[in-house]
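Opening the notebook on a new model.

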Amino acid sequence: MEQPFQIQSNGGVTAPKGFLAGGLHAGLKKTDRNDLGVILCEVPAVAAAVYTTSIFQAAPLHVTRNSIAESNGYLRGIVVNSGNANACTGEQGEKDAYLMRAEAAVAFGFAEHELAVASTGVIGELLPMDIVTAGIKKLPTVLEANDEGAEQFCQAILTTDLVKKEIAVTLQVDGKTITLGGAAKGSGMIHPNMATMLGFVTTDAVIEPAVLQQLLREVTDLTFNMITVDGDTSTNDMLLVMASGLAQNESLNPTHPAWDSFVAAFRHVCEYLAKEIARDGEGASKLVEVQVHGAVSDNSAKAIAKTVVGSSLVKTAIFGADANWGRIIAAVGRAGEPVNPNTVDIQLGAIEVLKDSRPIRFDEDEALAYLQGKNVVIQVYLHQGDGSAIAWGCDLTYDYVRINAAYRT
């Protein structure tokens, strides 16, 4: 079936009408890479967000949640720093996050509650606020409503990421062109239970706050919540969406004729960013996709898919291009979900390796060649019901250990 949206060849968070972005090097990182970024909207934008379920939520999440609540679901922008997570920093960390918001409000001429903040980087270190505030004062000079602004913002939010992650799509609604743009960062400490490390989606669609919040929760559960790199959930995970409404369509909701098309576009943006995070996992060399079919329910399929894609033994087998289906079925069996031990089929791509929970002959050389590719799909058929799910992750390499053994240095 033809998709109801068009993927743009370039553009990110600045692609929708009304959005500007930028980034600069303030001095939080030891390198000269950007470490402070901003997304702003020319008008009050409908806002929605989801956050990590970690008990140790970082201070910026509290500030962002309070801003959205105080403004009744609207924001004018968000300021993001990398290089320091401002997490587990106590009362001072909370004060610093609010100071970030206050300084940004002065710099851009907005009320404090119209702005959100986010941070990513090392946990447990106080933000050097002299550096942060000096950088925020310079942010208005780097704002641009074009691809360059989006590019500089993307660079500002990276930590151990090797590549930026951004996308833009368009679709027609009520005779108007609606655009969605997105950017994300994430490479390690990825096992979201709400969203990803940091994700940002912008759109010029007209949509009410409650509708956007519900859509965000539903789509997050199918996309960002279905990726894993290393099984660790961050203290700073947040996904924020802002809608300017400047496309001037009729307000979108489940009764709108184009609702399904908009949902498809929104889901594509989120799924693309989620998969790019998995592909760029620390030290990763392959994107791994696990499809589970025939589970007793979708939720059961989700649990099984994430268990398989998150298994260290499966991940290392994929890294070594070893068609060891035993590791896959072992992960299926420990997921804690209903499984008939006599009816499981497994495929590596199109190569059948298990039928009715029994091994079948397959070409080892063909399997080796397939697993040496950059994209590996594992299909699990349970034959128990109509539940299905897809999860994404990456292989586990020597470089993952090297990167994380010296993360602070």
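**Sheet notes**

I began at one end of the sheet: strand 12 (residues 351–355) and strand 13 run antiparallel and share 2 bridges. I count two strands as paired if DSSP finds at least two bridges between them. Across from Lys-355 I found Arg-358 of strand 13.

Housekeeping before going on: this is a predicted model, where local features need pLDDT of at least 70, side-chain atom pairs count only at pLDDT 80 or more, and totals for chains, interfaces and linings use all residues. Numbering starts from 1 along each chain as its sequence is written, and side-chain values use heavy atoms, with hydrogens and water left out.

**Strand 11**

I then followed strand 11 to its partners. With strand 12 it pairs antiparallel over 3 bridges, and Leu-348 has Ile-351 of strand 12 as its bridge partner. The hairpin of these two strands has 2 residues between them, and Gly-349 there has a positive phi near 65°.

Buried is under 20% relative accessible area, exposed is over 50%, and partly exposed is in between (1.4 Å probe, protein chains only). In a regular strand, side chains alternate between the two faces of the sheet.

**Whole protein**

I zoomed out and got 11 helices and 15 strands, taken as DSSP runs numbered from the N terminus (helices H or I, at least four residues; strands E, at least two). The radius of gyration is 22 Å, close to the 22 Å of the globule rule for 409 residues, so the protein is as compact as a globular protein of that length. That radius is over C-alpha atoms, and the rule is 2.2 Å times the number of residues to the power 0.38. The C-alpha box along the principal axes is roughly 70 × 55 × 35 Å.

I noted that 55% of the 409 residues are buried. Of contacts (heavy atoms within 4.5 Å) between residues at least 6 apart in sequence, 80% join residues at least 24 apart.
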